[in-house]
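Q: I have a model open and want to learn how to read its features one at a time. Can you walk me through it?

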Amino acid sequence: MEMKKTDNNNYDLAAYFYDSLSHLYSGFQILACKAYQINHIKAGDTVLYAGAGGGDDAILAAKKGAEVTVVELSINMLNKSKKKIEKAGVADKITLIHGDVFQHTDRQYDVVAANFFLNVFDTQTMPVMAKHLSGLLRDGGLFMIADFGPRRGNALMRLLQQGYYGAALLTFALIAKNPLHQIYDYQTQFEALCLQTKNVEDFGLFGKGPRWYRVLIAEKTA
Ligand SMILES: C[S@@+](CC[C@H](N)C(=O)[O-])C[C@H]1O[C@@H](n2cnc3c(N)ncnc32)[C@H](O)[C@@H]1O
């Protein structure tokens, strides 16, 4: 497995407003995507959240009875999630690791979740990270992604979707030095990694709006 060190620890500033901004920007649909994934996690599953940010998804999984590991590069993000985890009373179910998930190699999981995570990497690094995460899954394990969905609809809707995505892209390019790129097609990544797609669920902006958020769940076949 190719290892690659990344220097994207620029979410320290974003940690102060990231959760509130994402709820506002998506009308709580980012949270809805994460809550949907929990239906596919069983009590006792070992679950890795790569770049978990505020950790809402990790808390939901721990409440379901999963044994959760969070690997997060930004110390401010990690501290934020630590406070929420303690408040939720699930600290005994979650191991917090401050570090680069590229350096996290020592075990395999039943579930690996990359929520709004792979999009912080440039077009060359993203497939390498996807491959690394897939290597952290046991055979039969599930790879879960929640992120921006592919462009869809007529020309006007595609333009609006591009503008919506572009606003987030530019904001985090400025604040967190994220690279500029088009919306990634993660299903193609799954195919390249021989992961079998099991579920594709789209979520509408503010619940009832255009379906611009997507959850993908794929199984690692032996
Ligand atoms: C866009 S945020 C997404 C946060 C969260 N998963 C969510 O859904 O809201 C990306 C997160 O990944 C973290 N991150 C970036 N590169 C990382 C790496 N190599 N290893 C671990 N975390 C990383 C950032 O610090 C940031 O908190």
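Predicted model: local features only at pLDDT ≥ 70, side-chain atom pairs only at ≥ 80, totals over all residues.

Q: What fraction of the protein chain is buried?

A: Buried residues are 40% of the 222 in the protein chain.

Q: And how do I read the overall build of the chain?

A: Start with the inventory: the protein chain has eight helices and seven strands. Then look at the radius of gyration, which is 16 Å; the globule rule gives 17 Å for 222 residues, so the chain is as compact as a globular protein of that length. Along the principal axes, the C-alpha trace spans about 45 × 40 × 35 Å.

Q: How many of the contacts join residues at least 24 apart?

A: Take the contacts between residues at least 6 apart in sequence: 70% of them join residues at least 24 apart.

Q: Now helix packing. At what angle do the axes of helix 3 and helix 4 cross?

A: The angle between the two axes is the thing to read, and anything under 35 degrees counts as roughly parallel. Here, helix 3 (residues 29-38) and helix 4 (residues 56-63) have axes that cross at roughly 25° and come within 9 Å. Helix 3 and helix 4 are therefore roughly parallel to each other. As for handedness, helix 3 passes helix 4 in a right-handed crossing.

Q: Which residues in helix 3 and helix 4 meet?

A: On the helix 3 side they are Leu-31, Lys-34, Ala-35, Gln-37 and Ile-38; on the helix 4 side, Asp-56, Asp-57, Leu-60 and Ala-61. Sorted by class, this contact has five nonpolar, one polar and three charged residues.

Q: Let's zoom in on Ala-61. Which residues does it touch?

A: Not counting residues up to four places away in sequence, Ala-61 touches Ile-38, Ile-41, Val-47, Ala-66 and Val-68. Ala-61 lies in helix 4, and with 27 C-beta neighbours inside 10 Å it counts as buried. Ala-61 and Lys-84 are 23 residues apart in sequence and 14 Å apart in space, C-alpha to C-alpha.

Q: What is the phi of Lys-177?

A: Lys-177 has a positive phi too, about 60°, although it is not a glycine. Lys-177 sits in the loop between helix 7 (155-176) and helix 8 (186-192). With 13 C-beta neighbours inside 10 Å, Lys-177 counts as partly exposed.

Q: Where is Gln-182?

A: Gln-182 is in the loop between helix 7 and helix 8. Gln-182 is partly exposed, with 13 other C-beta atoms within 10 Å. Its C-alpha atom is separated by 24 Å from that of Gly-207, 25 residues away along the chain.

Q: One last case, then. How far apart are Asp-202 and Tyr-213 in space?

A: Asp-202 and Tyr-213 are 11 residues apart in sequence and 5.6 Å apart in space, C-alpha to C-alpha. Asp-202 lies in strand 6 (residues 195-204), and with 15 C-beta neighbours inside 10 Å it counts as partly exposed. Leaving out residues up to four places away in sequence, Asp-202 touches Gly-149, Arg-211, Tyr-213 and Arg-214.

Technical notes
Residues numbered from 1 in each chain as written. Helix = DSSP H or I, 4+ residues; strand = E, 2+ residues; numbered from the N terminus. Rg over C-alpha atoms; globule rule 2.2 N^0.38 Å. Buried ≥ 20, exposed ≤ 12 C-beta atoms within 10 Å, placed from the backbone. Contact = placed C-beta atoms within 7 Å. Axes fitted to C-alpha atoms, helices over the stretch in contact; angles between N-to-C directions. Parallel < 35°, antiparallel > 145°, perpendicular 65-115°, else oblique. Left-handed = near helix turned anticlockwise from the far one by under 90°. Nonpolar A, V, L, I, M, F, W, Y, C, P; charged D, E, K, R; others polar.
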